[in-house]
Amino acid sequence: HPGQVTSLSQVSDRLKNSRMFHSMCAGVIPSWLGGSLLRMGPGQFEVGGEPFNHLFDGQALIHKFDLKNGQVTYYRRFIRTDAYVRAMTENRVVITEFGTAAYPDPCKNIFSRFFTYFKGIEVTDNCLVNIYPIGEDFYAVTETNYITKVDPDSLETLKKVDLCKYLSVNGVTAHPHTEADGTVYNIGNCFGKNMSLAYNIVKIPPAQGDESEPLEKSKVVVQIPSSERLKPSYVHSFGMTDNYFVFVEQPVKINLLKFLSAWSIRGASYMDCFESNYSMGTWFHLATKDPAAYMSSHKFRASAFNLFHHINSYEDQGFIVVDLCTWKGHDFVYNYLYLANVKEEWEEVKKAATRAPQPEVRRYVLPLDIHREEQGKNLVSLSYTTATAVLHSDGTIWLEPEVLFSGPRQAFEFPQINYSQRRGKEYSFAYGLGLNHFIPDKIVKLNVQTKETWVWQEEDCYPSEPLFVPTPGATEEDDGVLLSIVVKPGAERPGFLLVLDAMKLTELSRAEVNTIIPVTLHGVYKP
């Protein structure tokens, strides 16, 4: 909320134990809804008088809404990451975050400061982006190689885990895919020998029933080459159907040389290492799942866009349909999420948003069967889409999308589907956060087949990603509820858990708490 972000530093209660807040409920919470909504987000935006600069820099705060017998209790606790504990101990920013550089301790003498520059700065473990299960455990995550095991009941921090001990990756996304049996797939950058770059898709098996940890049995299943040798694309999520992986390589790049040297240059952060490739456009890569293999003969290209979130991908009649939340062009959207931008007055926020890439929900269709003689002709024969794929003489296939949702500076983002029933399968409904010039002011339901939309909106209310929870035994795809944490600055009870009927997008109930709840990014419902 413009002008409100500064007050979020007040949120830091710095308590050793989790903080509990009872809520006031209005409406009726479905009796079958008994579980915990777990959410991650930034919870403290300054330390020792030093501000964090970027929305993705605040120290990780885990939130939990417990739903039981129609009652709701809210808990929260800071995750005891190294980034958090050392910042609290030394009362300053100790570990460089996404958009905030850490400086050596000014109290140390000139020699020890000098050597700190060349020793390199540690990679952050500030796990503020998401939380998800691996085996029987829950992990809070960011996008580096460190994930943090947490107790989903007490919210206690249990263990910092370095994925590099188990896998050849330099980090993985905060958006894995999970199969019904608990198998987890994810994707991450890998810097290999001779500075060669690739994207590795990793597989973590489900809990085995013995004492072993699934992470110990994790492995890289397929490697996708990088189109540029020293500059991997930023990757935030990927697609998975029953038989294929879909990886979209975008023109937002990490300059690896800058990244490696940044740790010895005073004042550089992760954000300083991003750059745009103005000529590459966007590449779509496919890999088979079982047996896993990269499909090097299928070279799909499209015009330039930023991509953070896949909505869903599925196979149909020899095609792969890929639905994405895109931002047109190669200018990096995260450049517009510095707190200085977001704190501006509303007119200034709107002005900045007009310069940013324009959001659009798009459907791309990738043909699996490529006949070389069909150059210049649209290969897509699915009757229900206007998306096209045209084979060029150089063997690449040029993709043009069908637009499923578009409005001037109106984004449909943080998408969710009925994941357990429809992941990797043909589907009708997606639920998302409506961003108005980057400000989340509505929840939107989108029918991806008819393009019809439904909206929940309330004045001065700022919701978060809506999580879909299906009604037990439901047969209809949208039979269930949406759960969203809503911030209402200035209200007597400035935060509430909102429960919506997913079919009609009407309010069933809300549970209000009398404390400020800062923005949350992603989360999970634990039955």
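His 522 is found in strand E37, which covers residues 522-526; helices (H or I, at least four residues) and strands (E, at least two) are DSSP runs numbered from the N terminus. The model is predicted, so local features need pLDDT of at least 70 and side-chain atom pairs count only at pLDDT 80 or more, while totals for chains, interfaces and linings use all residues. Residues are numbered from 1 along each chain as its sequence is written, and side-chain values use heavy atoms, with hydrogens and water left out.

The relative accessible area of His 522 is 3%, so this residue is buried; buried means under 20% relative accessible area, exposed over 50%, and partly exposed in between, with a 1.4 Å probe and protein chains only. Not counting residues up to four places away in sequence, His 522 touches Arg 39, Met 40, Val 129, Asn 130, His 175, His 236, His 309, Phe 414 and Glu 465, where contact means heavy atoms within 4.5 Å. With His 175 there is also a side-chain to side-chain polar contact at 3.2 Å. A polar contact is a pair of N or O atoms within 3.5 Å; within protein, one must be able to donate a hydrogen and the other to accept it, and residues adjacent in sequence count only if both atoms are side-chain atoms.

Where does UniProt place the feature "binding site"? The unreviewed entry gives His 175, His 236, His 309 and His 522; UniProt positions are in the numbering used here, feature names are shortened, and annotations may be inferred rather than shown by experiment. These residues span 348 residues in sequence, yet no two of their C-alpha atoms are more than 12.6 Å apart, so they gather at one spot. His 175 sits in the loop between strand E11 (157-162) and strand E12 (177-178). His 175 counts as buried because its relative accessibility is 15%. Its contacts beyond four places in sequence include His 236, His 309 and His 522, along with Asn 130 and Phe 238.

Another buried residue is Ile 147, with a relative accessible area of 1%. Ile 147 belongs to strand E10 (residues 146-150). Among the residues it touches, leaving aside those up to four places away in sequence, are Ile 134, Tyr 139, Val 161, Leu 163 and Leu 215.

Next come two backbone details. Most residues other than glycine have a negative phi, and most peptide bonds are trans. The peptide bond from Asp 290 to Pro 291 is cis, with omega near 0°, and Pro 291 lies in the loop between strand E20 (282-289) and strand E21 (292-294). Gln 317, a residue other than glycine, has a positive phi near 50°. Gln 317 is in the loop between strand E23 (305-316) and strand E24 (319-328), and at 63% relative accessibility it counts as exposed.

The largest cavity is lined by residues that include Tyr 336, Asn 341, Val 349, His 437 and Phe 438. A cavity is a set of points on a 1 Å grid over the protein atoms alone where a 1.4 Å probe fits but cannot get out, and lining residues have an atom within 4 Å of a point. Helix H4 (339-342) and helix H5 (346-355) each supply at least two residues of this lining. The largest share, 3 residues, comes from H5.

Key: On a 1 Å grid over the protein atoms alone, a cavity is a set of points where a 1.4 Å probe fits but cannot get out, and a pocket is an open set with protein on both sides within 12 Å along at least five of seven lines; lining residues have an atom within 4 Å of a point.
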